[in-house]
Amino acid sequence: QIGFVFQQFFLVDGMSAVENVAQGLLYSGVAAPERRRRASDQLERVGLRHRLTHRSEQLSGGERQRVAIARALVGRPSIVFADEPTGNLDSRSGAQIIGLLRELNAEGTTIVVITHDLDVAASLPRRVHIRDGGIERDERDGS
């Protein structure tokens, strides 16, 4: 029900992109061929169809982040927590990731982005500012 996108990727070296994403379903009882199919589908969704068989150490930082996002999505979670999802990306790749998160939100997935990047925060429809464990401000677009 919950997908996590970590700032540091946490991909397994020596495993392909599709294997890393399929790992997200390992303990859910999904058969191996179905895990690989779903992993391939999610990698295609994040723009990595051409990198399915590349090992994690052969991928750029932006590609690794997209693999991490695909892994978070492969189980079809209802909520995704994304910790600094654009932190290791150039601005173009970062914009693509934010676009993907917006698309997922439009499809009904709740997306929680944790970021220090004010530009990323400003691009999102709601911003909850937290300081010292308490809510300082809660802003929504149009209000």
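This is a short tour of one predicted protein model, from the whole chain down to two residues.

Before selecting anything, note that residues are numbered from 1 along each chain as its sequence is written, and that side-chain values use heavy atoms, with hydrogens and water left out. Because the model is predicted, local features need pLDDT of at least 70 and side-chain atom pairs count only at pLDDT 80 or more, while totals for chains, interfaces and linings use all residues.

**Stop 1: the whole chain**

Show the protein chain as a cartoon. Five helices and five strands make up its secondary structure, in the order β-α-α-α-β-α-β-α-β-β along the sequence. Helices (H or I, at least four residues) and strands (E, at least two) are DSSP runs, numbered from the N terminus. The radius of gyration of the protein chain is 16 Å, close to the 15 Å from the globule rule for 143 residues, so the chain is as compact as a globular protein of that length. That radius is taken over C-alpha atoms, and the rule is 2.2 Å times the number of residues to the power 0.38. Along the principal axes, the C-alpha atoms fill a box of roughly 45 × 30 × 25 Å.

Next, colour by burial. Of the 143 residues, 39% are buried (under 20% relative accessible area; exposed is over 50%, partly exposed in between; 1.4 Å probe, protein chains only). Among contacts (heavy atoms within 4.5 Å) between residues at least 6 apart in sequence, 62% join residues at least 24 apart.

**Stop 2: threonine 86**

Select threonine 86, in the loop between β2 (79-83) and α4 (91-106). Threonine 86 counts as buried because its relative accessibility is 10%. Show what surrounds this residue: leaving aside neighbours within four places in sequence, threonine 86 is in contact with Gln65, Gly94, Ile97, Ile98 and Val120.

**Stop 3: arginine 126**

Move to arginine 126, in strand β4 (residues 126-131). Arginine 126 is partly exposed, with a relative accessible area of 41%. Setting aside neighbours within four places in sequence, its contacts are Asp138, Glu139 and Arg140.

Now display the side chains of arginine 126 and aspartate 138, which are joined by a polar contact of 2.6 Å. A polar contact is a pair of N or O atoms within 3.5 Å; within protein, one must be able to donate a hydrogen and the other to accept it, and residues adjacent in sequence count only if both atoms are side-chain atoms.

To finish, select leucine 25 as well: arginine 126 and leucine 25 are 101 residues apart in sequence and 31 Å apart in space, C-alpha to C-alpha.
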